[in-house]
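Hi,

Here is the structure I promised to pass on. Have a look at it, and then read my notes below.

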Amino acid sequence: MLTDRTTLTQFLIEEGRRHPGATGELNSLILDVALACKAIAKRVAYGALGGVLGAAATTNVQGETQQKLDLVANDLFLRANEWGGLLAGMVSEELEAPHPIPERYPCGKYLLAFDPLDGSSNIDVNLSVGSIFSILRALNPGEHAAAQDFLQPGAKQVCAGYAIYGPSTMIVLTVGRGAHGFTLEPQLGEFVLTHPEIRVPAAACEFAINASNSRFWEPAVTRYVDECLAGSTGPRGKDFNMRWVASLVAETHRILTRGGVFLYPRDTKDPAKQGRLRLLYEANPVAFIIEQAGGCASTGRQRVLDVAPEELHQRIAFIFGASEEVERIEQYYRDHNVAEYDTPLFSSRGLFRTNG
Ligand code: MG
Ligand code: MG
């Protein structure tokens, strides 16, 4: 079955040949990450039989309850990537401070940031979960990285990817020349190129947003969603469907495959928060992949990949998908800096009456 297929290893080696002087270290690192993802896929697939469902007795740095599988996945990522002499440090959603490379191993020239298990509240209900990773260059190769070394804009990423543990396990990644998808052949244990040159379809007819937060939305978001809901009778002149999986990896994968737009915007629920999703190991890697697939990724006010991070676990507003839709939403943000938006759908005669 492999006669006319490319494995992940072969793909990476062929990519590396485009860069004279490439040492193969980045490839080795990506294959170590892929090994961690295979190990996590196996744990996820065993479900209740693996004894790893349910909540752990701990919370992470963001105060979220950790699932047992969050901790298992975090450990698998650390163990798979700390020994190879390729990394100067790692940042994980599950660890407050960077994980230092143990003294018995050499330090390398890359930094790895990851969300070991994304959408982990989906685990107990047997829905798709994933892992997300981002690779940066170390500022001082061969030395232990400091926390601030990770605070590089997403545009500096050399590789970003995610694994999705769905009906099949896939890795989707970019090394800066397009976004490509690999499906795990479970008998061989190899990722095989099945989705080369992924492109986000330009025209969208699906949007994904947590509508339970609508009363906290900013005017630009309210207007965008109003117009989608108004469908063929509204200014957009076509009908939209709404989607919400509550797993960033699953939403990203759907948008890469079938198009659409995702919004987790800043809102007024907690004005101190810039958004919900984490910049370093959620928004940046997804933004890099989406741009490489011809889409756009924005905070509503600026390109995500241009944001200069201030903290390891910083949150950010995140809007991504079909470029026409994201550009429209950015325009609405500019429009409603000055002009208020009067929402017809939520007014007294609107679709979602708030009084009477
Ligand atoms: Mg996550
Ligand atoms: Mg997570």
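First, a term: a salt bridge here is a side-chain nitrogen of Lys or Arg within 4 Å of a carboxyl oxygen of Asp or Glu. One network of salt bridges links Glu206, Arg243, Glu251, Arg254 and Arg258. Within it, Arg254 and Glu251 pair at 2.9 Å, N to O. Both sit in helix α5 (residues 248-258), 3 residues apart, about one turn of the helix; helices are DSSP runs of H or I with at least four residues, strands are runs of E with at least two, and both are numbered from the N terminus. Arg254 and Glu251 are both buried, where buried means under 20% relative accessible area, exposed over 50% and partly exposed in between (1.4 Å probe, protein chains only).

Some ground rules: this is a predicted model, where local features need pLDDT of at least 70 and side-chain atom pairs count only at pLDDT 80 or more, while totals for chains, interfaces and linings use all residues. Residues are numbered from 1 along each chain as its sequence is written, chains are lettered from A and ligands numbered from 1 in the order in which they are written, and side-chain values use heavy atoms, leaving out hydrogens and water.

The count of salt bridges comes to 18. Arg223 pairs with Asp335, with the closest N and O atoms 3.3 Å apart. Arg223 is in helix α4 (residues 219-230) and Asp335 in helix α7 (residues 323-338), so this pair ties together parts 112 residues apart in sequence. Glu325 and Arg236 form another, at 2.7 Å between the closest N and O atoms. Glu325 is buried at 2% relative accessibility, and Arg236 is buried at 14%.

Now the metal site. The magnesium ion (ligand 2) has Glu93 (OE), Asp115 (OD) and Leu117 (O) as protein donors, 2.0 to 2.2 Å away. Donors are N, O and S atoms within 2.8 Å of the metal (3.2 Å for Na, K and Ca), and water is not among the atoms, so sites may look incomplete. Asp115 also bridges to the magnesium ion (ligand 1), the two ions lying 3.7 Å apart.

Glu93 turns up again in a salt bridge with Arg278 (2.5 Å, N to O). Across the interface of domain 1 and domain 2, the rule finds 1 salt bridge. The domains span 8-198 and 206-351, with bounds from an automatic or database domain assignment.

Cheers
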